[in-house]
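Read the following with the sequence and the coordinates open. The text goes from the chain as a whole to helix packing, then to single residues and aromatic rings.

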Amino acid sequence: MYMDIQMSYIVAPCLGGVIGYITNDIAIRMLFHPHKAKYIMGWHVPFTPGIIPKEKGRIAEAIGGVISENLMNKEVLEKYLLSEDMIGKLRDAVKDFIDTQKRNGETVREFLRHYLSEEEIAAISNSINESITKQTYSKLSDSSVGDKVAHIAIDHLANKFSIDGAQELLSGISGALGGIKGMAAGLFGGSIVAKFLGLLREPAEHFLAKHINDMLKNNGAEIVSNMIDGEVDSFLATPVCELLKGHDEQLNQAVNATESIYRTVISEHLPRILESIDISKIVRERINEMDVKETEKLIFQVMDKELKAIVWLGALLGLIMGSLNTLIQVLQ
């Protein structure tokens with residue numbers, strides 16, 4: 001009899017512990033199982049499907065809202081993305097990239113092949129050629145170009161054929177003609193020649209401007225095309241390191257410019273970026289797309305220790321409740 005009483009003191013707490021362990025384990029498993037609703041002769045079995053499969057849509061909606069509003073909102077992301085640590089990493093990355101390119105013996109074409117196909121490079125090259133040709137020809141075909149060139153040319157000639165210039169010209173002519181030097185100098189003084197050339201300036205300028213404009217209008221595209229033909233190909237064939245030589249100051253400015261652009265994008269455009277991405281929708285759709293088995297596996301991977309702790313906590317609580325029950329019986 002005494003032994004039976006002693007055994008009851010042990011069995012009751014142990015039984016409570018086992019019951020607590022099993023019930024908590026079943027409760028955790030019922031979060032996911034069964035995956036689908038069960039029916040017996042048309043009667044829906046309670047607690048099927050499991051809580052998570054049954055409430056998957058609502059859970060996805062709630063998780064998406066929490067992540068977008070509290071974990072991935074503008075304030076949180078801006079604080080992280082504009083932190084000194086992040087800015088430092090950005091500057092270091094840009095500096096490392098520039099230092100690498102300073103030693104890069106690849107041609108510009110070879111460098112671009114890391115990011116673009118050969119067809120895309122050719123398309124960009126042709127586009128640049130066409131754009132430069134079109135813009136340059138558009139400027140040259142303007143009638144004011146011929147007028148300006150003619151004005152500058154005649155201006156230059158007028159300066160050359162000032163009084164002193166005219167006298168120099170006469171001296172050259174008289175030297176070539178020998179004996180008539182004195183006669184030429186007497187009849188056509190420098191001032192007379194300069195005045196004569198001044199009278200010719202306006203018609204000469206008009207004549208020259210007309211022919212320059214006609215030439216540019218009829219042959220401008222060909223002239224421009226010949227001028228820039230092969231320039232882009234020459235650029236693409238240049239080693240990257242050669243392009244960067246002697247531009248240390250500009251490269252340092254590029255680091256600062258990159259940081260400035262980055263800060264502007266984060267500060268001014270982050271709300272629109274977040275709005276266009278719609279983090280809440282992405283999270284919600286991803287959770288809904290996940291299979292229940294996949295979701296269960298993921299949760300157990302993340303919270304395996306915590307879920308096991310809950311099961312053992314149930315065992316501990318069952319053990320305590322069994323012990324208290326035994327203690328109450330003894331005190332009675």
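Helices (H or I, at least four residues) and strands (E, at least two) are DSSP runs, numbered from the N terminus. With these terms, Asp278 is placed in the loop between α14 and α15. The model is a predicted one, in which local features need pLDDT of at least 70 and side-chain atom pairs count only at pLDDT 80 or more, while totals for chains, interfaces and linings use all residues. Residues are numbered from 1 along each chain as its sequence is written, and side-chain values use heavy atoms, with hydrogens and water left out.

The protein chain has 16 helices and 2 strands. Of its 332 residues, 24% are buried, where buried means under 20% relative accessible area, exposed means over 50% and partly exposed lies in between (1.4 Å probe, protein chains only). A contact means heavy atoms within 4.5 Å. Among contacts between residues at least 6 apart in sequence, 76% join residues at least 24 apart.

Confidence is given by pLDDT, the predictor's confidence in each residue, from 0 to 100. The mean pLDDT of the protein chain is 76, and 69% of its residues reach 70 or more. Helix α5 (residues 84–102) has the highest mean, 92, and helix α10 (residues 181–187) the lowest, 47. Over residues 163–167 the pLDDT is below 50, and this stretch has 10 contacts in the model beyond near neighbours in sequence. Residues 172–190 also stay under 50; for them the model has 9 contacts beyond four places in sequence.

Helix α5 also packs against α14. Their axes come within 10 Å and cross at roughly 145 degrees; axes are lines fitted to C-alpha atoms, for helices over the stretch in contact, and angles run from 0 to 180 degrees between N-to-C directions. The crossing of α5 past α14 is right-handed. By definition, a crossing is right-handed if the near helix is turned clockwise from the far one by less than a right angle, and left-handed if anticlockwise. On the α5 side the contact includes Glu84, Ile87, Arg91, Val94 and Lys102. On the α14 side, Asp248, Leu251, Val255, Glu259 and Arg263 are among the residues involved.

Phi of Asp278 is near 55 degrees, a positive value in a residue other than glycine. Asp278 is partly exposed, with a relative accessible area of 32%.

Which residues of helix α15 (residues 279–289) are buried? They are Ile279, Ser280, Val283 and Ile287. These four cover an arc of only 105 degrees around the axis, which puts them on the same side of α15; the arc is that of the directions from the helix axis to the C-beta atoms. An α-helix has 3.6 residues a turn, so residues three or four places apart point the same way. The cover over the buried residues of α15 includes α3 (56–71) and α14 (248–277). One of the buried residues, Ser280, has 13% relative accessibility. Not counting residues up to four places away in sequence, Ser280 touches Gly64, Gly65 and Ser68.

Two prolines come next. Pro34 is in the loop between α1 and β1 (39–40), and the peptide bond from His33 to Pro34 is cis, with omega near -10 degrees. Pro53 belongs to helix α2 (residues 51–54) and is buried at 17% relative accessible area. Leaving aside neighbours within four places in sequence, Pro53 is in contact with Leu31, Phe32, Pro34, His35 and Val292. Pro53 and Phe32 are 21 residues apart in sequence, yet 6.3 Å apart in space, C-alpha to C-alpha.

Aromatic rings remain. A pair of aromatic rings is described by the distance of the centres and the angle of the planes. Rings of Phe, Tyr and Trp (its six-membered ring) pair if their centres lie within 6.5 Å; planes under 30 degrees apart count as stacked, over 60 as edge-to-face and the rest as tilted. The structure holds 3 aromatic pairs. In one of them, the rings of Tyr21 and Trp312 have centres 4.9 Å apart and planes at 65 degrees, so the pair is edge-to-face. This pair links distant parts of the chain, with Tyr21 in helix α1 (residues 2–29) and Trp312 in helix α16 (residues 292–331), 291 residues apart. Tyr21 is partly exposed at 31% relative accessible area, whereas Trp312 counts as exposed at 57%. Phe111 and Tyr115 also pair edge-to-face, with ring centres 5.4 Å apart and planes at 65 degrees. Phe111 is buried at 18%, and Tyr115 is exposed at 57%. Together with Phe97, Phe111 and Tyr115 form one aromatic cluster.
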